[in-house]
Amino acid sequence: MSMMTAAIAANRFGLGAKPGDLASIKSDPQGWLLAQLDGAQADPAPIAALPSTADDFQAFGRWAIQYAAQSADRNVPPFVLNRLRRQVPAVLKDKNGAQLGAEESVYATFKDRYRTAVRARFDAAVQSETPFRERLVHFWSNHFVVSSKKISAFPMPPSYERDVARSHVTGRFLDMLMASSKHPAMLHYLDNSYSVGPNSRWGKNPSEAPTLPVIGRMEGLNENLAREILELHTVGVNGGYSQTDVRNFAKVITGWMVKRGRSVFANRGLRGQSAAELFEFNPNAHEPGPQTVMGKVYAQDGVEQGEAVLLDLSRHPKTAEFIATKLVRYFIGDDPPPAAVKRVADAFLASDGDLKATATALVRSPEAWEEPLAKVKQPEEYLISGVRALGGPDISGEELEQVLSQMGQPTYMQPGPDGWHDVAAEWIGPDPIWKRLEWANDASIETAQTELAPTRLGELVLGPVLSEPTKRVLEGSASPAQGFALLLVSPEFLRR
């Protein structure tokens with residue numbers, strides 16, 4: 001094999017080469033990639049150290065309690081405030097012992113938790129010895145989106161990503177789809193936990209439905225999750241479903257909700273429970289009777305009705321086409337080659353949605369090895385590849401949050417359930433490039449003590465992708481730091 005195929009394997013399929021990577025994978029780049037798909041893997045240490053699913057789910061409720069307990073807002077009923085104040089300290093203090101106001105203390109707790117999770121995801125990627133597998137985790141996390149943009153879902157994406165994308169990345173699509181659709185983060189993010197069938201017990205007797213803090217009494221059918229499963233997770237917007245199908249599917253998954261603990265304020269009693277244990281089917285909210293979705297009648301009782309719809313959606317040819325198109329766009333080019341899409345879709349269908357077989361078809365597609373500069377790196381990809389190439393700098397969670405926000409891609413903060421868009425036009429322009437140059441300058445100053453010259457480092461991480469014009473620019477740099485910065489903003493390094 002050639003150094004060019006090694007460079008494509010490390011930079012297009014992986015997360016950017018480290019010095020020495022290309023030489024070690026040159027003999028069999030495809031084999032290097034496919035070996036990363038074998039077997040189950042333990043969570044990377046930074047990810048394993050993050051809070052549990054139950055803790056993430058309960059975190060916002062705890063912070064709401066803290067806020068209400070300290071609030072002087074007279075609109076909060078006295079009996080609620082009194083109850084809350086018995087559950088949390090009356091005063092929170094910062095790390096120096098100074099008293100914090102309610103909003104400030106809650107915000108500080110949010111930020112500390114968020115920054116720890118951002119740093120953990122980044123460190124896992126930078127340190128990964130299986131970067132293709134890690135990139136697939138990022139892909140699937142951006143396919144089945146739960147975003148911290150919804151303030152009450154703010155703590156949930158890290159454990160959701162671990163439970164859904166990371167746990168099933170080389171398993172079956174059906175299992176990942178089921179895990180996502182039943183996950184407390186998704187049920188909360190897309191409001192299904194509060195959806196009530198019009199002919200259910202609670203639908204016919206609204207006074208029997210529970211009243212929840214902020215949300216109020218549970219009543220009414222919510223179509224959000226049903227719509228996004230169809231439009232974004234399975235068959236796609238052109239998948240052949242109608243608004244009637246959306247509504248009927250929404251009825252099918254009424255009663256799919258999150259288990260509630262002993263306290264409606266703090267969800268106490270859920271500690272230590274997994275995502276599967278936090279899922280609850282409540283027949284009081286479930287719409288009874290058969291429902292027709294995309295031409296098929298589903299007459300099962302209870303939770304089995306929704307599971308049957310998800311099974312059929314996972315096997316639908318339109319789902320295979322939709323997933324294949326997204327994978328090929330993500331790994332090969334903004335305009336997915338039709339032959340590659342068909343090859344990956346066929347593998348998906350033939351294997352009953354086996355994601356290892358699907359990823360294998362992607363790696364073995366000739367189109368994936370034809371053009372080494374087809375994809376623009378998204379900001380997070382850019383930072384990860386920069387640190388892998390330079391061997392630093394060490395970036396704190398706060399710095400990561402700031403830099404990625406400035407570059408337009410704050411971690412876990414997708415603008416909506418359709419995720420980050422994956423085309424160059426979203427990420428290339430004068431201001432985004434300037435932000436990358438600013439970071440490259442700072443990072444290069446911190447790491448300029450390396451014994452490698454900028455040109456040599458470029459050859460080690462980009463191989464023959466590094467062009468002669470860029471080499472001449474690097475060789476003419478005024479200092480090593482300037483040379484490293486120029487390497488990081490070169491056309492070759494900005495793409496993969």
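Which residues form one aromatic cluster?

1. F13, F132, F139, W140, F144, F173, Y330, F331, F348 and W369 do. Rings of Phe, Tyr and Trp (its six-membered ring) are taken as paired if their centres lie within 6.5 Å; planes under 30 degrees apart count as stacked, over 60 as edge-to-face and the rest as tilted.

2. Basis of the values. This is a predicted model, in which local features need pLDDT of at least 70 and side-chain atom pairs count only at pLDDT 80 or more, while totals for chains, interfaces and linings use all residues. Residues are numbered from 1 along each chain as its sequence is written, and side-chain values use heavy atoms, with hydrogens and water left out.

3. Overall make-up. The protein has 26 helices and six strands; these are DSSP runs (helices H or I, at least four residues; strands E, at least two), numbered from the N terminus. Of its 496 residues, 56% count as buried, meaning under 20% relative accessible area, with exposed set at over 50% and partly exposed in between (1.4 Å probe, protein chains only). Where contacts (heavy atoms within 4.5 Å) join residues at least 6 apart in sequence, 74% of them link residues at least 24 apart.

4. Aromatic pairs. The count comes to 16. Y114 and F154 make a tilted pair, with 5.3 Å centre to centre and 55° between the planes. Y114 lies in helix α7 (residues 102-127) and F154 in the loop between α8 (131-143) and α9 (157-168), so this pair ties together parts 40 residues apart in sequence. Y114 counts as buried at 5% relative accessibility, and F154 counts as buried at 8%.

5. The ring centres of F132 and F331 are 5.7 Å apart and their planes stand at 80°, so the pair is edge-to-face. Because F132 lies in helix α8 and F331 in helix α17 (residues 317-331), the pair ties together parts that are 199 residues apart in sequence. Both F132 and F331 are buried.

6. Charges over rings. The criterion is NZ of Lys or CZ of Arg within 6 Å of the ring centre and within 35 degrees of the ring normal. The charged end of R496 sits over the ring of Y330, 5.1 Å from its centre; Y330 is also a member of the aromatic cluster. K182 lies over the face of W256, at 5.6 Å from the ring centre.

7. Helix α10. This helix (residues 173-182) is mostly covered, with eight of its 10 residues buried. Among them are the cluster member F173 and K182.
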